[in-house]
Structures are given as structure tokens and as C-alpha cells.
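Me: I would like to go through this structure and ask what its labels rest on. Please set each value against its definition.

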Amino acid sequence: MQRNKILIFGLLCSFLAACGEPADTHPGQPVTHRRQAFGQMLNAFEPMGQQLRKGQYKPDQFLVHAKALDAAKNGPWQYFGPDTNYPPTHATAKVWREPASFERERQAFLVATEHLLAAAESRDLKRVSAAYEAVHEQCRSCHKVFKD
């Protein structure tokens, strides 16, 4: 009986693994790298939002995260090459059909993150909150058009 449970569990795990996203098997794995780079940005960005949403603003910690976001902000863009629109991407085809628009969104994000870092350095909560929200809105703006 125990052996049957182990066999069934193993088959279930194999089945569930097969249901996931396809692997990035392309040379250099650009989709994987850009997703990891976006993950680094999110790992820096989300703790700042948690501080602000919970009313637990800690200027020194916030600044550490703002610096981490600033350091990571250029990470994903190099991996949006012309031949990188394939699964498991979550980017829409508009990234490649509308490169000028995508570049405007990217530039706006870069500027917003620079303003967030400057606000974090000021330690002024009102300025920090506004700058954080500007980055958040810029992320949303880009995702609405360029992410599935």
C-alpha cells in the first residue's frame, strides 16, 4: 500500500511539472534572464511598498531598497532582443511591434526610479510616497500594454 502511495505521488508530481510553463531552451536563455532581472527589481521594490502601506516607514531600510532598485533597473532590457518573443515570455508582441513606445515606457521607468532614489535620500516621507507611487504607476502603465 505504501509503495502505491509513493508511486501515485511521484506520477502526480511529474504530471504537475509537465503542466507548467515551457522551459527556455534558446541560446543564452534571454527570457529566463530578463524574468530573473525583473524579479530582482521586484525584490527591491516590494519591501518599500510594504513599509508605506503598513505605515512603518524606516528611512534607512527604504534607502537600501531604493539603491537596490536603482542598481537593478537596467537589468532586464538587454534581454528584449528581436528573437526573444517565445514562451515562456509574458511580454506581448507589442514590445517588438511598437519599439518606440516600449522605449518611452522604459525611459519613463528609469527616470521614475532615479526620482525615487533621490526621494529616499531626502528621507522626506511625503516625497518618498509620491516617488514610490510614480514608479508603481509607471510599472502598471507598461504592464497594461506590454505584458500578458
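Me: Why is Phe146 called buried?

Reply: The model is predicted: local features need pLDDT of at least 70, side-chain atom pairs count only at pLDDT 80 or more, and totals for chains, interfaces and linings use all residues. Residues are numbered from 1 along each chain as its sequence is written, and side-chain values use heavy atoms, with hydrogens and water left out. Buried means under 20% relative accessible area, exposed means over 50%, and partly exposed lies in between (1.4 Å probe, protein chains only). Phe146 has a relative accessible area of 4%, so Phe146 is buried.

Me: Where is Phe146 found, and which residues is Phe146 in contact with, leaving aside its neighbours within four places in sequence?

Reply: Phe146 is in helix α6. A helix here is a DSSP run of H or I with at least four residues, a strand is a run of E with at least two, and both are numbered from the N terminus. Contact means heavy atoms within 4.5 Å. With those neighbours left aside, Phe146 is in contact with His90, Ala91, Thr92, Lys94, Val95, Glu98, Ser101, Phe102 and Glu105. Phe146 and Glu105 are 41 residues apart in sequence, and their C-alpha atoms are 9.5 Å apart in space.

Me: How many helices and strands does the chain have?

Reply: The chain has six helices and zero strands, which gives the pattern α-α-α-α-α-α along the sequence. Of its 148 residues, 32% are buried. Among contacts between residues at least 6 apart in sequence, 73% join residues at least 24 apart.

Me: How do you know that the span of helix α3 agrees with its 14 residues?

Reply: The expected span is 1.5 Å times one less than the number of residues. For α3 (residues 59-72) that should be 20 Å, and the end C-alpha atoms are 20 Å apart, so the two agree.

Me: Which residues of α3 are buried, and what do they pack against?

Reply: Phe62, Leu63, Ala66, Leu69 and Ala72 are buried in α3. The buried residues of α3 pack against α2 (30-53), α5 (99-122) and α6 (125-146). An α-helix has 3.6 residues a turn, so residues three or four places apart point the same way.

Me: What makes α3 roughly antiparallel to α5?

Reply: Axes are lines fitted to C-alpha atoms, for helices over the stretch in contact, and angles run from 0 to 180 degrees between N-to-C directions. Angles under 35 degrees count as roughly parallel, over 145 as roughly antiparallel, 65 to 115 as roughly perpendicular, and the rest as oblique. The axes of α3 and α5 are 9 Å apart, at an angle of about 155°. Therefore α3 is roughly antiparallel to α5. Residues making the contact include Phe62 and Leu63 of α3 and Phe109 and Thr113 of α5.

Me: What makes α2 oblique to α6?

Reply: The axes of α2 and α6 cross at roughly 130° and come within 11 Å. That angle makes α2 oblique to α6. In this pair, Phe45, Met48, Gly49, Leu52 and Arg53 of α2 meet Leu125, Val128, Ser129, Tyr132, Val135 and His136 of α6.
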